Every structure is written in structure tokens, then in C-alpha cells.
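Dear colleague,

Please find below the structure I said I would pass on. My findings follow directly after it.

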Amino acid sequence: RYREAPRNGFIPHVDMRFPDGVEAGSDLADINERLTQLLGKRVSLSSSAMGDQFDAYPIHVLTTASLEVMSRWNTQANWDVRRFRPNIFIETEPGIEGFVEFGWKKLRVGGVELLCEMPAERCAMTTHAQAELGKDPSVLRSIVEAADQNLGVYASVIAAGEVRVGDQVDAD
């Protein structure tokens, strides 16, 4: 649950619910240790981008319609959503095609209202190997060719609330 949209480069306060049902805020002194224990490897939350790998806004929204366009553009690549790390992945209705999120201004997902700020410019991170996904430089080349290097949209939180899998999505 997001409490506010950050505009000053700081991590927003986020309420997290762990698999055991325990809730913790991103501002707790021991949150890095809790996350490390949960994930089984050392992690930490940071308020600044490390190096040149960062996201421009706190939320990245992506749709199945956009991944479908890309999978038709490059049939050899694996367009698994994990490659793109969206915060919100929206399953679009049958018949909706194209990069639909590029036209959205506002988005309501469950109890959260988002302002769609700009297309999400993708970088080389999308080509790196991870889990069961092999390295694939053709992914970024395809995004550059088909969508001017953009996939999904960046958004900020206008109204805080809770988001759950299966929540209603309304776009303006």
C-alpha cells in the first residue's frame, strides 16, 4: 500500500505484507534485514539510483496487449513479463491490441489512483539473463524498432490504497 507519491527522490513509505501475514513499513530501521531474511540474499532499499540503472517514477505499468505486440514483432524472443519488472501487470481484455497504456492519463487499480506520467524507456536490463530467462539482446533491439524504446508506462501515485491480484482496472 502506497501512502503518497514521492516527488523528491526519496523512497515512498510502503506498507508490505510478508507471506506470514506480518506487516512492515519501508521506513522501519530493520526492514533491510527482514527483506534479506525473506529473500535469502542480501538486499537493501535505497533512495537513490545506483549507477545508471534506475526507474524514472515509482510505478511501472505494463499490459498483456503490449507484450503480445512485441511477441508478434519478434517471435524468437521470450517476452516473459519477469524480464520487464513491472509493479503492475494488467491483463487486457481480448480484442484490445497495441500499446494501449501509452494513451492513458490516469489509472485506477483497486484502491489506488495513478497518474500515467510517460512511456517507460527500456534499457539493457531487459536483455540480461535471469531465473529461467536467457540473455537476449534482440529484446531491446525489438523494443527500439517497434516502440521507440518504450514498453509500458511510468506512473506516480495520486491516491493511496491497496492493490490486489484480480482488482478492477479503469483507465482514462
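Among contacts between residues at least 6 apart in sequence, 69% join residues at least 24 apart. Please bear in mind that this is a predicted model. The chain has three helices and eight strands, arranged along the sequence as β-β-α-β-α-β-β-β-α-β-β. Of its 172 residues, 36% count as buried. The accessible surface comes to about 10,300 Å², and carbon and sulfur atoms contribute 50% of that area.

Helix H2 (residues 64-73) deserves a separate note. Its buried residues are Ala65, Ser66, Leu67, Val69 and Met70. The cover over these buried residues includes strands E3 (59-63), E4 (88-90) and E7 (150-159), together with helix H3 (138-147).

I also looked at the aromatic rings, which form three pairs in the structure. In one of them, the ring centres of Tyr57 and Tyr154 are 6.1 Å apart with the planes at 40°, so this pair is tilted. Because Tyr57 sits in the loop between helix H1 (31-39) and E3 while Tyr154 belongs to strand E7, the pair ties together parts 97 residues apart in sequence. Tyr57 is partly exposed, at 25% relative accessibility, whereas Tyr154 is buried, at 4%.

Another pair is formed by Trp79 and Phe84: their ring centres lie 5.9 Å apart and their planes meet at 10°, so the pair is stacked. Trp79 counts as buried at 8% relative accessibility, and Phe84 is likewise buried, with a relative accessible area of 1%.

With kind regards

Notes:
Residues are numbered from 1 along each chain as its sequence is written. This is a predicted model: local features need pLDDT of at least 70, side-chain atom pairs count only at pLDDT 80 or more; totals for chains, interfaces and linings use all residues. Side-chain values use heavy atoms; hydrogens and water are left out. Helices (H or I, at least four residues) and strands (E, at least two) are DSSP runs, numbered from the N terminus. Buried means under 20% relative accessible area, exposed over 50%, partly exposed in between (1.4 Å probe, protein chains only). Contact means heavy atoms within 4.5 Å. Accessible areas come from the Shrake-Rupley method with a 1.4 Å probe; for residues, only the protein chains shown count as cover. Rings of Phe, Tyr and Trp (its six-membered ring) pair if their centres lie within 6.5 Å; planes under 30 degrees apart count as stacked, over 60 as edge-to-face and the rest as tilted.
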